[in-house]
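Try each task before reading its solution.

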Amino acid sequence: NLNLYEKAVESYKEAIKLKPENAETHYRLGLAYTSLEDNEKAIEAFQTSIKLKQDYAEAYYFIGLISYDLGQYDRAIESYKEAIRIKPEYADAYENLISAYHKLGKDDEGIKYLQEAMKEHPDIAEPSYQLGFYYYMNGKLKDAIDYLETALNLYKKSSNKKYEAKALFVIGEIYLNLWKDIYAINHLQKALDIYKEINDSEGIAGAYNDIARVYFQIADYSTALEYYKKALEIYEKLEDSPSIIRIRGGITLVKSFIAGHSSGNYEETIKYGKQVIEFAEKTGLASDYNAFTTYMAVGMAYWKSKDYKTAIDYGNKLLEISQQTNFKLVIVYSHILMGLANIKLENYEEALDYLQKASSLSNDLERASLQWICSWGFGQLAEKSENIVDAKKHYFRAINILETVREDTQSLASKMA
């Protein structure tokens with residue numbers, strides 16, 4: 001490949017000798033230098049293309065990409081802004097712009113920029129989509145839905161099928177995390193239909209994965225397994241190692257619950273999970289976010305098998321992943337797993353500390369699935385200390401969370417009907 005890019009550089013140089021005023025050729029030369037990681041010459045070629053064609057949004061964008069990779073985030077931001085000024089619907093430029101602001105610890109400035117872009121370009125979906133996605137990644141799920149629904153309607157008007165599906169997918173994923181299963185399925189199925197229509201294999205696999213998660217959440221394990229297998233088949237053809245690990249982790253989780261509901265024998269779950277972890281280690285992704293589901297599933301299988309010390313080992317592995325990914329969800333799951341295991345080992349002070357941390361983070365993430373588990377754990381702790389009043393209080397809170405979710409789901413079902 002390097003030889004091909006080197007040949008491309010020579011070809012573009014020859015073409016420039018013949019037509020030095022051709023901005024496109026200078027831009028292509030910049031791309032070839034980018035592939036060879038010759039950043040200085042790449043930026044020089046992109047800058048030349050901009051001198052010849054001042055509204056060259058793509059050239060500004062690639063200067064932004066290179067600057068970002070070099071840690072020059074201020075320069076990246078200015079380049080992305082120029083790309084967006086020329087091409088206000090430039091989705092990738094918005095996404096990378098917000099990432100650059102985040103690197104500088106200036107998220108508020110990034111949000112302000114997107115809000116101003118929404119006012120300036122009310123018919124363009126990208127600012128709304130990026131705001132929604134930002135709020136989603138930072139646990140503000142209800143705010144995220146508002147912005148994403150705005151973006152979805154604009155994508156529909158502009159017949160942008162790819163991003164219409166993307167918005168539907170993210171909204172579906174948010175409803176999944178809010179335990180609004182019917183709404184989640186509705187959005188994910190619509191996304192899946194569009195991905196099939198435009199023949200987007202990666203999108204199809206992603207939709208299968210999240211539909212599997214919904215069915216797992218409503219305890220339809222056989223259907224969940226069916227969708228996970230469909231997703232895995234596509235990802236294996238794409239040779240997408242991170243996604244393969246994530247899907248196999250989901251299958252591990254399903255196997256764990258099937259074992260629990262049938263024989264109570266978790267040996268097969270643990271064996272399969274360890275094979276997934278071995279694959280993750282071979283691909284260098286054992287400490288990647290995508291591996292966390294497997295560690296959690298195997299850890300919970302050990303907990304259910306009453307091997308609480310090994311469950312804690314897997315909880316510590318989850319903490320290690322969370323430190324590398326800075327993903328709050330992984331931190332919450334690690335604290336829950338170690339909190340529950342320490343209750344069983346009668347390490348009540350440690351258990352309380354882990355559950356309190358998990359509870360605080362789960363409230364920030366607005367995830368009912370995590371909140372009720374924490375309440376149940378607090379109930380267990382109170383019961384162990386023979387504080388029956390507090391135990392009842394925590395158990396009732398867990399029940400109320402589940403009932404609220406059920407009422408919301410029924411309300412959504414009525415509206416859809």
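**Exercise 1.** Find which residues of helix 3 are buried, and where they lie around the axis.

*Solution.* In helix 3, Ala42, Ile43, Ala45, Phe46, Ser49 and Ile50 are buried (under 20% relative accessible area with a 1.4 Å probe, protein chains only; exposed is over 50%). Helices here are DSSP runs of H or I, at least four residues, numbered from the N terminus. Look down the axis of helix 3: the buried residues fall within an arc of 160 degrees, so they line one face. The arc uses directions from the helix axis to the C-beta atoms. Glu40, Glu44 and Lys51 are exposed on the other side of helix 3. The cover over the buried residues includes helix 2 (23–35), helix 4 (57–69) and helix 5 (73–86).

This is a predicted model: local features need pLDDT of at least 70, side-chain atom pairs count only at pLDDT 80 or more, and totals for chains, interfaces and linings use all residues. Residues are numbered from 1 along each chain as its sequence is written, and side-chain values use heavy atoms, with hydrogens and water left out.

**Exercise 2.** Check the length of helix 3.

*Solution.* Helix 3 (residues 39–52) has 14 residues. Multiply 1.5 Å by one less than the number of residues.

**Exercise 3.** State how much of the chain is buried.

*Solution.* The chain has 417 residues, and buried residues make up 50% of them. The chain has 21 helices and zero strands.

How values were computed: Helix = DSSP H or I, 4+ residues; strand = E, 2+ residues; numbered from the N terminus. Contact = heavy atoms within 4.5 Å.
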